[in-house]
Amino acid sequence: MNILTHKKYKSYDRLSRYTRFPYYYNTEDNKYMYGTTAHLKDNTPYMLHKVQRGDTYDKLALDYYNNPTYYWIILDFNRIQDPFIEPEEGIYIKIPTFSAIQFDI
């Protein structure tokens with residue numbers, strides 16, 4: 001017997017990691033359960049950025065996208081879990097091309 005039923009997708013109009021995500025109805029406890037969202041596609045074009053002293057993810061988002069709140073794009077594409085750990089100086093970080101961003105769904 002399926003416990004999770006009535007799979008649906010919730011969508012938003014704006015660019016967000018939550019643009020489209022699944023949710024289910026749990027028949028055991030009669031509550032809705034939200035699924036995980038999709039990552040950016042691995043084949044999204046990107047450029048490499050060599051981390052300099054003082055670089056943070058929100059600073060990189062400001063430099064490349066003119067908006068520091070898009071730091072999550074850089075984190076997601078590089079599969080970085082913790083935004084509070086600053087990038088190590090000298091490593092390379094992939095910066096996805098903003099106009100080519102697509103999600104795996």
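Student: Which residues are buried in α1?

Tutor: Buried means under 20% relative accessible area, exposed over 50%, and partly exposed in between (1.4 Å probe, protein chains only). In α1, the buried residues are Y57, L60, A61 and Y65. Viewed down the axis of α1, these residues fall within an arc of 100°, so they line one face of the helix; the arc is that of the directions from the helix axis to the C-beta atoms. This is a predicted model, in which local features need pLDDT of at least 70 and side-chain atom pairs count only at pLDDT 80 or more, whereas totals for chains, interfaces and linings use all residues. Residues are numbered from 1 along each chain as its sequence is written, and side-chain values use heavy atoms, with hydrogens and water left out.

Student: Against which elements do the buried residues of α1 pack?

Tutor: Helices (H or I, at least four residues) and strands (E, at least two) are DSSP runs, numbered from the N terminus. Contact means heavy atoms within 4.5 Å. The buried residues of α1 pack against β4, α2 and β5.

Student: How many residues has the largest nonpolar core?

Tutor: A nonpolar core is a set of buried Ala, Val, Leu, Ile, Met, Phe, Trp, Tyr and Cys residues joined through side-chain atoms within 4.5 Å. The largest one here has 16 residues. Two or more residues come from each of α1 (57-65), α2 (71-77) and β5 (92-96), and α2 gives the most, with five residues.

Student: Where is Y46 placed, and which residues does Y46 touch?

Tutor: Y46 lies in strand β4 (residues 46-50). Not counting residues up to four places away in sequence, Y46 touches F77, K94, I95, P96 and T97.
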